[in-house]
Each structure stands twice: as structure tokens, then as C-alpha cells.
Amino acid sequence: MELSDLRAFARIADLMSVSAAARALGLPKSGVSRALARLERDVGTLLVDRSTRHLRLTDAGRLFRPHALRILADVDEAVAAMEGLGGTPAGTLRVSLPYTVATALVAPMLPGFVAAFPQVRVVLAVENRFIDMPVEAADLLIRVGPLVNNDLIARRLLESEAWVCASPGYLATHGIPFRAADLRHHLLIGYADRPMAYQDDVGGDGGRIELPSTVAISDSAALLPVVLADGGIATLPDFLAAPYVTDGRLVRLWPAARGDRTVIHAVYPSHRSLSAKVRVFIDALVSSIAAISATGEAARAARDA
């Protein structure tokens, strides 16, 4: 029984698609199909029912899946332990993270990291969804908001504040809202098909209202170009908006107001605490975030001087 066949089965069982499993593993679809067939031959029974339009696990597949995941987790833990003993960062590092974090925080540090650690191959799974780390074979998660799995180790990366922003062109055309109530007369861009909360700097809690969005986009990095193109007013995380506020392409409304705050963590299983590749990646990311923050603060101070 080959470990690669077990990994193929685990990914198929999670995604319920041979094609999706092949894309996730970076393998040809035919290779993943052969891996599943080999595994079924080795265990002596069908694990995945392919007779219907959509794949589903057979009774044997549902029984076998947790055993396969445990075997793969044990192997990954052994490999991570050896990496830690060796002390040299090497191997493939699989990171799952949201699109906004990938573009605004991780992308800027990748060239320097790859140059410093040429033996580490970084694979970023950019997706706005929660994943099962053993199933997805991820070494590291970067998550925005509350953490729900107490079995994982979390390192705090930064606390982000929500800023209400618009472009100078939009404000010149539609006027400047001086308090949250004024937003009723503006184009609002939100993150979901539900009301967004806004808080100005006048009247304390009395200035907080909820309003429906004119346009809803699921990720703030995808929302940003709409705001820059004079498309409306949006709430953006400070680490994404700050460079544009600094150079004048965005205006932060009510800067005295305290926006909603969200913590971003790097999350990994306990056995990954020994992995050199995970450790150096997190350290590099923390240093990069600190440098980005310092650059933004210096630029704002120079602009306001």
C-alpha cells in the first residue's frame, strides 16, 4: 500500500471529485484515478462509488477514511520531527490562507523568503474556507477572526482594524458623509448579502448603524479595486487600505472612530512546532508585517508633518 495512494484517496474523499483532488495534489487526473484503483485493489474492495453522477464513499470507504487520515498524519508528524532535528528548513511547505492576507501580507515577503531558504518549496492554497488540516495536508493555516480548534497551536500575527474608506473621486461626486447616518444616501460596498455596521466619531455608540450594501463582494482584496475606481464606500482592513490612504488614493472616513478589530493568527498542529520550515516562515511573516506597518506609519507621519 503506497502512501501516495492513501493521499489521493484522502483528497478524493474530502473533495468528492477526482478532478478537484488532482488539482489539489498537482497531479494528472489519470494518475489520481490509477492511485485510487491501486488502493482499492490492495484493500480488496471499492472505496468510492463512481456509478452515480456524483462520487460518494462506499460503506468501506467511510470506514477506511479515518484510518487513512491517521496513517498520513503519523507520517507527516515523523517527517516534521526529523526536519526539526535536522534544523535546516527544507521540503514542501503547504500554507492555506485567505485571498486578502495572501495578497497584502504574504506576497510581499515571499521573494525574500525564497531567496533566504532555497530548499523550501512554498505552496499557497489561497481560499476563503475552513479546512481540515490532516485531510488537506496543510502545514500552516493563516486565519482571520476567532479560532475554533483548541487542538491547534496559534501564533498571533497582528490585530487589524476596519476602516471606512472611499476614493477622492467618489467623494467629489457624491459628497462627504460626516457621520454614519449620512451613508443612507451613498453607494455602499459590503462583504455579504446582509447589512453592514458603521460607526462614526460622533455620539459614541449612538453613531453605530446597520445599512444594506449596494454591492456585496466576498473578499476585501477583490472589493478594493471597486473602491479605487470610485465605486462607493467600503469597510477595509487597515493593512490593506493603509498604503492607499497614505498615498492619497483612498480617504479614511472618521479616523477618530474605533473600527471593529480582528486578530489574524498563524495556526498549526502541535507536532509542527518542531518543523524548521514552519518556524522560519512564520518568523519571516512576522518581520515582514512589522516592516510594512513601520513603513506605513513613517509615510503617514511625513505626509502629516
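This is a predicted model: local features need pLDDT of at least 70, side-chain atom pairs count only at pLDDT 80 or more; totals for chains, interfaces and linings use all residues.
Residues are numbered from 1 along each chain as its sequence is written, and side-chain values use heavy atoms, with hydrogens and water left out.

I read a volume of about 1,000 Å³ for the largest pocket. Of its 39 lining residues, Val-144, Tyr-191, Ser-220, Pro-237 and Thr-262 are the closest to the centre. A pocket here is an open set of points on a 1 Å grid over the protein atoms alone, where a 1.4 Å probe fits, with protein on both sides within 12 Å along at least five of seven lines; lining residues have an atom within 4 Å of a point. The volume is the space filled by probe spheres set on the points, which are joined across faces, edges and corners.

**Phe-239.** I found Phe-239 in helix α10, residues 238-246; helices (H or I, at least four residues) and strands (E, at least two) are DSSP runs, numbered from the N terminus. Is Phe-239 buried or exposed? Phe-239 is buried, because its relative accessible area is 13%, and buried means under 20%, exposed over 50%, partly exposed in between (1.4 Å probe, protein chains only). Beyond four places in sequence, Phe-239 touches residues including Thr-100, Leu-158 and Ile-264; contact means heavy atoms within 4.5 Å. I also saw that Ile-292 is 53 residues from Phe-239 in sequence, yet their C-alpha atoms are 8.4 Å apart.
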